[in-house]
Every structure is written in C-alpha cells, then in structure tokens.
Amino acid sequence: MEAIKSLREPIVCVLGHVDHGKTTLLDDIRGTSIAEKEAGRITQKIGATEISYNILEREIKTAFKNIPIKIPGLLFIDTPGHVAFSNMRSLGGALADIAILVIDVNEGLKPQTIESIDILKKFKTPFIIAANKIDAVPYFVNTSNTSFANAIKMQRREYIEELDNRIYKLISDLYTYGINADRYDRISDFSKTFAIVPVSAKLKIGIADILMVLSGLAQKFLENEIRLTYEKTLGTVIEVKIEESIGITLDTILYQGMLKRGDTIAVNTSNGPARTRVKAILVNSNRGLKESEKVVAAAGIRVLITDKIPVIAGTSMIKIDENTSEDEAFKTIINESKPNIKISEHGVTV
Ligand code: GDP
C-alpha cells in the first residue's frame, strides 16, 4: 500500500506559550491513535506521533459528515523537552509543513506566542490557532469528548458572548502582528484568513475540528510540499543517543523518500560531514519499538548507525550513493536541508 501513496503525511508541530496547553493537546491527539484498551498506556515513541488515515477519517467523520480526506495521515512532531538543543522550537517550526499555535483564550498573546509567530513567519510555515481552555470561560456548560461544533450548540447565550469577546480580542491582537484570523467556521476563504479553532484540551473538545481544519488546509494548499517522491531521501536528526551496548542511534524525522537497512547516509558531525551506514531502523508500534526493513516518509524513526561518530542533533541526514564523496555529500546536505542549517563554532542554527 505504501508504495502507491502519492502524498506523504504532512508534518505538524505544536507551538505556543508555556502552560497554554501544548502537551495536553498533543496527548489528546496521540490518544486518538491508541486503542481504547490501551488508553493511558502511551508507549515509547520516536520523535513523532502518526495519526493514520483510518484514525483521521474516523475522528473527522464522527463529527463532520462528507469531508473527503486525501492525505495518508498526519505526523505530529513531539518536542523533546529534555534535548539540550536551544533551537528546538525553531527546528520544529522549520521542519513542519503546518503548525498549531496554541493560545490560552483567556490569556491571549504572551511572549512565547509572539516568538512562535516570528518563527512561523520566518520559515513561512502555515498554521492554525488552537484557542485553548474554552472550558474556563464563564458560564461553560460541562461537556467533553466532542467537537467544538457540537459543544457550542449546548452552551448558553451568556457563554457564547463571553467566548466571542475573547475570540474578538484574539483576532484584534493577532492583527497587530499582521495576522488576519477568524473563527474557522466563519471563514469563507482559507487562503486569506488564519483559522482559529476553539478547543479544550483538558476536556477533549475540538480535537476533531483541529484534525479537520489541518487536513483540509494541507490537502488544499500543500499538495506540492507533501508530494512523495523517491528521488531523494531526506531527514532531520532531532536527537542523538549513545547507547553503550548498541552504538549511536539517531532519532530522525524522515520527510522525503525511503530509507532502507544497509543504505549509506551522509550526516553532520562535530568533525564535519561524515558518511555512515544504516545498521537498523526502529519504528513505533502499538507494543513499543520494532525493527523495520524500510520506511517511507513521513515518519519518526530511530536509525542505528554503523560508526561511532558525533552526529549533531538538529542537522540533516541524506541518503547517498555508496560512491559519493564526503565533500559532495556535504554540499548536498547543505543544499537540500530543511531547515537550512548553519554550523558554526557556536553549534547549529536554523
Ligand atoms: P504546555 O506548557 O503548553 O505544554 O501546557 P500543558 O499542556 O502542560 O498545560 C498547562 C496547564 O494547563 C496544565 O495544568 C493543564 O492541565 C492545563 N490545561 C491544559 N489544557 C487545558 C484546558 O483546555 N482547560 C483548562 N482549564 N486547563 C487546561
């Protein structure tokens, strides 16, 4: 089935101010992909969570009828909090095809919201706004596990007014940063207006709406970016681990092409470009990590390499021909990298 897919999963990252609900929202989204009996037992994952076509369809169709889904799923990047890589937010913003900017609707724009907007603008990453914590707006009538479209029907007039006031304030504040936004169900032209999706990550309200708007935007406006080709195989290493017993592993977001066991790859190390081989590929499964012979983009993978080399997190990896020289490989890495990385004595910047 994978061999015939023509589009890859759009890569999605979640950005926003601390405590505005990024982790909770990601957990909700991740939860949709876990069988009910396994809920609460979120298994080890590598850098990213895939929401498959079937789950996407199920989640969206339950809330919204007749929405055709053309993408093979969505790949959410998990921002590893423990990584000593100060540019992780930038990296996520640059790597993503589309982003979710989480804003606490009761607090509005905060310093890291503005920083996130700047990152998304810098990399021209399209995004939607999740206006979170709508359950904390006064007069909220308790409900959970439903779409926003459905939840709003159960609310009283006083609540709807309070929520609208907050959304209007958000719209006007975003406008001062050059962002023309509106509530998603009031937008007629999504090419001109940023979508605000009201959600409660805590009560799992609006998750279907988020998935629908992301999918709709991706399949309408990102078709070129997410077309799957096999000419090149490219990824970004987001975490490097040295495991005494097995060697060096690279947690990588593979965003183009196909990677196989035994492939030769070029990577960036603190000693310059290097060539190495793929000894094994591990992927997520419901029961933890499992080995895979080959992987097609987009995917979060753990690559075990054959050489003990100091690969730098945040840099690219690229599949090369066995005969490619290291210099040539490095040139390719620089030209093809997404994001465009710069290596200096201060480390890596994007
Ligand atoms: P992060 O720092 O952006 O990742 O935020 P977290 O997801 O850790 O959430 C910060 C706090 O806000 C936690 O105490 C959450 O329980 C709470 N929170 C997250 N989403 C919601 C929501 O939708 N409603 C309410 N009332 N609280 C929320």
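**Salt bridges and the ligand shell**

The structure holds 20 salt bridges, each defined as a side-chain nitrogen of Lys or Arg within 4 Å of a carboxyl oxygen of Asp or Glu. The model is predicted, so local features need pLDDT of at least 70 and side-chain atom pairs count only at pLDDT 80 or more, while totals for chains, interfaces and linings use all residues. Residues are numbered from 1 along each chain as its sequence is written, and side-chain values use heavy atoms, with hydrogens and water left out.

Side chains of opposite charge can pair when their charged atoms come close. Helices (H or I, at least four residues) and strands (E, at least two) are DSSP runs, numbered from the N terminus. Asp28 counts as buried, at 6% relative accessibility. Lys204 counts as partly exposed, at 38%. Buried means under 20% relative accessible area, exposed over 50%, and partly exposed in between (1.4 Å probe, protein chains only).

Asp104 and Lys133 form another salt bridge, their closest N and O atoms being 3.8 Å apart. Asp104 belongs to strand β4 (residues 98-104) and Lys133 to the loop between β5 (127-132) and α5 (148-151), so the pair ties together parts 29 residues apart in sequence. Asp104 is buried, with a relative accessible area of 7%. Lys133 is partly exposed, at 28%.

Within helix α6 (residues 157-175), Asp173 and Lys169 lie 4 residues apart, about one turn of the helix. Their side chains meet in a salt bridge of 2.7 Å, N to O. Asp164, Arg183, Asp185 and Arg186 are linked in a network of salt bridges.

The ligand is surrounded by 14 residues, each with a heavy atom within 4 Å of it. The closest are Asp19, Lys22, Thr23, Thr24 and Asp135. Helix α1 (residues 22-31) gives the most to this shell, with 3 residues. A polar side-chain atom of Lys133 lies 3.0 Å from an oxygen atom of the ligand. For Asn132, a polar side-chain atom is 3.1 Å from a ligand oxygen. His20 places a polar backbone atom 3.4 Å from an oxygen atom of the ligand. The protein covers 72% of the 580 Å² of accessible area that the ligand has on its own, by the Shrake-Rupley method with a 1.4 Å probe.

Notes. A polar contact is a pair of N or O atoms within 3.5 Å; within protein, one must be able to donate a hydrogen and the other to accept it, and residues adjacent in sequence count only if both atoms are side-chain atoms.
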